[in-house]
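Please open the model in your viewer and keep the selection panel at hand. The stops below are meant to be followed in order, one selection at a time.

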Amino acid sequence: MHIDRLERYWIIAVGVVLGAFGAAIVASVVVFGVRLPSPVGRIDPAKIKESEFATPGLTQDGDHTYTLRVVAKMWKFDVGSKEPQPTIKIPAGSRLKIIATSLDVTHGFYVEQHDVNVMLLPGQISQVEVTFNKPGVFHIICHEYCGPGHQAMVAAIEVNEGN
Amino acid sequence: MQHTKALTITPELTFPKVGFLTSEQWIVGSHVLTGLMALLIGIFLGPFQVFRRAPALKWAIPVFSYYYQALTVHGVMNALFFTTFFIVGFSYFTVMRSLKRNMWSTKLVWAAYVLMLVGLLLVVYALVTNQANVLYTFYPSLIAHPAFYLGLVLLVVGTWLVTANLFLTYMLWRKENPQEHLPLAVFATLTNFVLWCVASFGVAIEVLFMLLPLSLGLISHTDPQAGRALFWFFGHPLVYFWLLPAYTSWYAMLPKQANSRIFSDPLARVAFILLMIFSIPVGVHHMFTDPGVSAVMKGIQTVFTFVVAIPSLLTAFNVGAMLERAGRNRGAKGPFDWMWKQDWRNPVIAAQISAMILFITGGISGIMNASLTLNIALHNTSWIPAHFHQTLGGAVTLTFMGICYWLIPMIRGRGLYSANVALWQVHTWSIGMMIFGYTYGAAGLLGVPRRTDLGAAPYINELAVPYLNASVIGGVLLLISGILFFVNIFGTLFFSKAPLTEEAPIDTYVESKSPLWMEKWGLWLSIVAILCVIAWVPVFLEVFDFTNGFQTPGYNPNGGIYKP
């Protein structure tokens, strides 16, 4: 099969560019430590009340390390806060481990300006870790359609200065 | 079913008229026009989503005032029904004209059409009665009215009959012409229906064994993670099912229209074979943020996704070289002036080249989406609709509109209503899509979610406000463009007085150096099967809970537990 000379160069260039993109992805994992959500376990949605998700909310594990347990349901994030816009407060520099699931339908869990982007599915436990360095209020947004109240499904993480 | 006897189609533009149901005009016309009716419902809801989401306007959507109903109608009509009907009609036309024979069975053509049409009507019923607000991805555990799923089943079964008919037509032709080269357009059409059939098994299993029984009340639980895996087994090849007919037009028809010739026929076929094979083991790149799929499988499917980018980049060169030749024929001398020395006054050409331009950003943003870790910044933000409105809304739809500008006149036996209106339509569409892509892409990077009724949201992302407001300009242009398109379609159907001038851009013979082994369909299917075992079997083993089965009850998309 005949391949034109210029086309051959093009194919090589395509290979090199895609190879470079691939190397960048490997570097993001190996050098910069970016992690994707991976299976950590299943949970029967009917038994959430008898599980580690019975009391959602923030627990402090150590100096600037916290665990946040979240139960998403139509149409709110239960983060253990009773405010109209559920909010958790942590100091800047905190490492937060988020463990979350959904009670009913597919929800999303996205934190503005941070690398937190994970699906919450009934039956599955999602887990991500993230560090909050910059003070400010960052919304937790449900980014998967979950019914008529979807757009109101929002919570917030308030990151405060100092300790 | 006996096959209808081969009908000689003269190279002139006359259509065979052997009873209207057997005529090419009716076969092609009914499919294409049904597709355009679906588009007519779906297309105009698009700009109003943008108006609704812009903080400066927050307008309610007319008629379908409920945002998520409008969004579901927009997605289902445009992406599932317009595309499928149009592609089937276009594929019949391509195959019958190129092979100079009728379809294997005209009865089967109409049987498939009726199934698909009933499917469309059932889905429309479920949508307009507000019982299927599940968006076009219909993820469980949201459960729609059974008519919605039944309609989808009929659509898919219809396309299986179409595939059988296309292959039987090809096999008859091959038996009579054992040594001849298959015209590229037919080769491409066959690869497209192979990938569609393989892909559709995922969604067929999801709908038949999970969603429809739950919707009917035969079972009581489902598994959202397993449903997503089955859906995306289908969902990514689906986008290639939309794209390949556009490629078919660029490779096999645009050379005739632009007075050029194809640069490399063998490499075009290689591209179609690669697309057919590697569009299957890549769907997990839609599930990078899913909790139930391991990072290893996500990595493996990223590699395959990069492989499936190769045939599109081959296409960029091959089609680019063909266009360079067209430009040189029109007097281009310098290294780059062939790009604008094209026949921009011809809406058929202008639409296709504009579609390619949109596909540059569409393709690049697609590679970004597929980049495993980078996807965390993009997934489910408004970046994603920005991306697929450059690909599906741009490259595919604008090419299909360009095809309509010669195909509808041919079906009607009249000239196009207005070439000027068509040109305005093409340019407003391109610029509108670019503005939509830029503003929604930027807003997505700032954290604006997709598929969300921002007009009713209690929070606001101040950084993204200027972009969301600017997207209104894109919406207005696209609204104008949509109106201009249908003015021309209805104008051509009912009011055009101009005589038909354009010829069908169809190759009936090929001077090709392509080896005949490229038609080893069994070999390609075996490779697809092996790749499925490598890329998908481990995923399905992960996502299905083999000890506990399904544990999540169905939910009504309007709230509460689903009751059949």
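Predicted model: local features only at pLDDT ≥ 70, side-chain atom pairs only at ≥ 80, totals over all residues.

**Confidence.** Colour the complex by pLDDT before selecting anything else. The predictor gives the complex an ipTM of 0.95 and a pTM of 0.95, and chain B averages a pLDDT of 93, with 96% of the residues scoring at least 70. Now select residues 1–18 of chain B, where pLDDT stays under 50; for this stretch the model has 29 contacts beyond four places in sequence.

**The interface.** Select the residues of chain B that touch chain A: 55 residues of chain B are in contact with 51 residues of chain A. The elements giving two or more residues to this side of chain B are α7 (224–257), α8 (265–278) and α9 (295–329), and α9(B) gives the most, with 8 residues. Coloured by class, this side of chain B shows 27 nonpolar, 19 polar and 9 charged residues.

As a general point while you look along the helices, an α-helix has 3.6 residues a turn, so residues three or four places apart point the same way.

**α2(B) against α3(B).** Next select helix α2 (residues 45–53) and helix α3 (residues 67–99) of chain B, which pack at an angle of about 145° with their axes 9 Å apart, in a left-handed crossing. On the α2(B) side the contact is made by Leu45(B), Gly46(B), Phe48(B), Gln49(B) and Arg52(B), and on the α3(B) side by Tyr67(B), Ala70(B), Leu71(B), Val73(B) and His74(B). By class, the residues of this contact divide into 6 nonpolar, 3 polar and 1 charged.

**Backbone details in chain B.** Most residues other than glycine have a negative phi, and most peptide bonds are trans; the next selections depart from that pattern.

- Lys100(B), in the loop between α3 and α4 of chain B, has a positive phi near 50°. Lys100(B) counts as partly exposed because 17 other C-beta atoms lie within 10 Å.
- Arg451(B), in the loop between α12 (419–445) and α13 (465–495) of chain B, has a positive phi of about 50°. Arg451(B) counts as buried because 23 other C-beta atoms lie within 10 Å.
- Ser141(B) lies in the loop between α4 (106–128) and α5 (146–176) of chain B, and the peptide bond from Pro140(B) to Ser141(B) is cis, with omega near 15°.

**Chain A.** Move to chain A and select helix α1 (residues 5–30), whose 26 residues reach 37 Å from first C-alpha to last, close to the 38 Å expected at 1.5 Å a residue. α1(A) is hardly covered, with a count of 1 for buried residues.

Finish at Pro86(A), in the loop between β3 (76–78) and β4 (87–91) of chain A. Which residues does Pro86(A) touch, not counting those up to four places away in sequence? They are Lys76(A), Phe77(A), Val79(A), Ser81(A) and Ala155(A). The C-alpha atoms of Pro86(A) and Lys76(A), 10 residues apart along the chain, are separated by 8.4 Å.

Note on methods: Residues numbered from 1 in each chain as written. Chains lettered and ligands numbered in written order. Axes fitted to C-alpha atoms, helices over the stretch in contact; angles between N-to-C directions. Helix = DSSP H or I, 4+ residues; strand = E, 2+ residues; numbered from the N terminus. Left-handed = near helix turned anticlockwise from the far one by under 90°. Contact = placed C-beta atoms within 7 Å. Nonpolar A, V, L, I, M, F, W, Y, C, P; charged D, E, K, R; others polar. pLDDT = per-residue confidence, 0-100. Expected span 1.5 Å × (residues − 1). Buried ≥ 20, exposed ≤ 12 C-beta atoms within 10 Å, placed from the backbone.
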